[in-house]
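Here are some notes to read alongside the model. Please keep the sequence and the 3D view open as you go.

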Amino acid sequence: MFRIPRPRSLAGQLFVMQAVLLAVVVAVCAAFAWTTARDQAAEAAERQAGAVARAVADAPSVRAAVLGPDPSAALQPYAQRVRADAGVDFVTIMDPAGLRWTHPDPRRIGERFLGNTAPALRGRTFSETYTGTLGPSIRVVTPVTADGRVIALVSAGITVQNVSERLGGRLVALGWVAAGALVLGGLGTYVVNARLRRHTHGMNAAELSRMHDYHQATLHAVREGLLMLDGRRRISLINDGGRALLGVEGEVLGRNPGELGLPAPLTGALLADGPRVDEVHLTADRVLVVNTSPVAGGGRRGTVVTLRDHTELQSLTGELDHERGFTGALRSQAHEAANRLHTVVSLIELGRTDEAVEFATAELELAQALTDQVVTAVAEPVLAALLLGKAAQAHERGVELVVTPDSELPAGLPARDLVTVLGNLIDNAVDAVTGTPGARVAVTARGRAGALELTVADNGPGLPPGADVFERGWSGKGPGRGLGLALVRQTAHRHGGTVTAAGPPHGGAEFTVRLPLPGTPAPAGRDREGTA
């Protein structure tokens with residue numbers, strides 16, 4: 001059995017449906033137009049026949065002939081002329097009994113009129129469709145009166161065949177109009193569906209539905225954040241990962257990213273006209289890598305934004321940097337120990353054993369004193385190792401790093417976050433005082449009122465007035481830096497703490513980080529920070 005193949009694409013299905021609908025509409029309109037034209041043609045024929053019948057009945061010559069000795073001889077030529085001039089098929093004049101005095105076929109003269117005459121005999125003009133000697137016709141019968149009495153009847157009519165022939169010409173024109181409308185509608189439907197086919201890439205409805213399901217599943221399954229901004233820079237799409245990374249809740253579709261309370265640099269990246277590649281931005285709790293790409297096409301059609309969480313990676317990178325610092329410090333210490341050992345050996349070879357013992361003992365006491373001080377103040381092995389390594393690094397660069405005698409670091413906070421805070425603050429302080437006479441960095445750790453207070457102070461050049469040193473990108477070391485202090489602030493915020501920067505009276509810079517210990521409510525106003 002032959003089966004008509006169904007179009008696969010959505011555009012093809014719509015084209016077939018629209019073409020069928022258009023054909024049905026055109027056919028219905030054509031049928032309605034034909035019915036209307038037929039009725040109008042019948043009404044026109046009736047009006048024409050009525051006008052001819054009344055004109056003949058009102059003619060004085062007709063009345064005179066009817067009252068004359070031979071009505072048929074006088075009226076037959078007259079009726080034929082009227083019939084030809086008026087464009088009707090017959091004009092029949094008869095006596096009140098219905099006997100014809102005129103007829104298109106002279107052989108029918110004298111025969112009885114086929115049709116109704118009763119209304120006309122009562123003086124009323126009427127019309128009807130009746131089958132007479134010429135076939136079915138639309139006729140009008142009207143009386144001829146004289147002195148208030150009916151002396152004759154006049155019937156004029158047009159055959160149905162003639163009406164149909166007149167209607168045929170209109171139907172041909174109507175057919176061409178319908179065909180033209182169908183062709184134009186088909187072409188328009190094809191153009192529209194060809195455009196739709198390009199937009200749907202030739203997929204049918206089932207494939208589009210399946211693609212939408214895959215899109216939704218993928219959108220909510222990926223951990224990376226995805227945002228789509230429309231041409232007016234409003235959010236048109238955001239997945240679960242994007243909500244989590246940006247820390248937004250509730251309805252955000254249709255809103256501008258500037259209304260979400262994000263940091264200004266991150267908002268600027270999201271609203272940028274040009275593409276952004278692997279830009280690092282900080283929120284209150286995360287380190288994000290942002291990529292933006294404008295949607296291709298004429299004008300601004302929107303932007304696609306991807307977000308990756310590099311908080312953990314940044315923390316691990318910081319630890320790796322510190323481990324590298326430890327390695328460098330150990331290498332420096334090994335080099336110094338070798339020098340000291342050579343000195344001791346040389347003194348012994350010279351027979352100056354007392355000086356050798358004194359030199360070795362002094363170096364040992366100095367190193368042991370620093371180690372004892374750090375270990376006593378800091379119970380966390382990771383932080384103790386950090387401070388010892390930083391002390392060795394600072395000593396190599398001519399900077400004295402000390403832990404104040406009253407320092408005590410209570411347990412309870414994650415060592416990784418403390419490494420981030422102290423490591424970045426100490427590195428910045430050592431960089432600031434390097435090359436300064438009597439360079440010194442002091443680290444203080446105290447537990448106060450349920451919180452850990454970390455202070456790193458130096459005697460360097462201090463902080464520029466009015467600068468927001470915690471802003472991402474600010475650095476006194478040149479371009480490409482400025483992440484360390486921003487990470488310190490982020491870590492403090494994550495634990496509900498505060499970080500402040502000030503210039504002590506004796507000069508230099510002093511950074512204080514206050515972190516609530518576990519189980520302690522965060523202090524009021526923790527989001528306020530001081531700057532120099």
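The points below cover helix packing, salt bridges and one backbone angle.

1. Basis. This is a predicted model, in which local features need pLDDT of at least 70, side-chain atom pairs count only at pLDDT 80 or more, and totals for chains, interfaces and linings use all residues. Residues are numbered from 1 along each chain as its sequence is written, and side-chain values use heavy atoms, with hydrogens and water left out.

2. Helices α11 and α12. Start with helix α11 (residues 381-396) and helix α12 (residues 415-433), whose axes come within 10 Å and cross at roughly 15°. That makes α11 roughly parallel to α12 (angles under 35 degrees count as roughly parallel). Axes here are lines fitted to C-alpha atoms, for helices over the stretch in contact, and angles run from 0 to 180 degrees between N-to-C directions. Helices are DSSP runs (H or I, at least four residues), as are strands (E, at least two), numbered from the N terminus.

3. On the α11 side, look at Val 382, Leu 383, Leu 386, Leu 387, Lys 390 and Ala 394. Their partners in α12 include Leu 418, Leu 422, Ile 426 and Asp 427. Contact means heavy atoms within 4.5 Å. The residues of this contact divide into 11 nonpolar, one polar and two charged. Ala, Val, Leu, Ile, Met, Phe, Trp, Tyr, Cys and Pro count as nonpolar, Asp, Glu, Lys and Arg as charged, and the others, Gly among them, as polar.

4. Helices α12 and α13. Helix α13 (residues 484-494) packs with α12 at an angle of about 150°, their axes 9 Å apart. The crossing of α12 and α13 is left-handed. Asp 417, Thr 420, Val 421, Asn 424, Leu 425 and Asn 428 of α12 make the contact with Gly 484, Leu 485, Leu 487, Val 488, Thr 491 and Arg 494 of α13. By class, the contact of α12 with α13 has five nonpolar, five polar and two charged residues.

5. Salt bridges. How many salt bridges are there? The count comes to four, each a side-chain nitrogen of Lys or Arg within 4 Å of a carboxyl oxygen of Asp or Glu. Glu 111 pairs with Arg 100, the closest N and O atoms being 3.5 Å apart. Both residues lie in the loop between β1 (90-94) and α4 (118-121), so the pair ties together parts that are 11 residues apart in sequence. Glu 111 is partly exposed at 33% relative accessible area, while Arg 100 is buried at 4% (buried means under 20%, exposed over 50%, partly exposed in between, with a 1.4 Å probe and protein chains only). Arg 108 also meets Glu 111 in a salt bridge (3.4 Å, N to O).

6. A strand pair. Arg 514 and Glu 453 form a salt bridge (3.6 Å, N to O). Arg 514 lies in strand β14 (residues 509-516) and Glu 453 in strand β12 (residues 451-458), so the pair ties together parts that are 61 residues apart in sequence. Arg 514 is partly exposed at 24%; Glu 453 is buried at 14%.

7. Asp 147. This residue is not a glycine, yet its phi is positive, at about 55°. Asp 147 sits in the loop between β3 (135-146) and β4 (149-159). Is Asp 147 buried or exposed? Asp 147 is exposed, with a relative accessible area of 81%.

Note on methods:
Angles under 35 degrees count as roughly parallel, over 145 as roughly antiparallel, 65 to 115 as roughly perpendicular and the rest as oblique. A crossing is left-handed if the near helix is turned anticlockwise from the far one by less than a right angle, and right-handed if clockwise.
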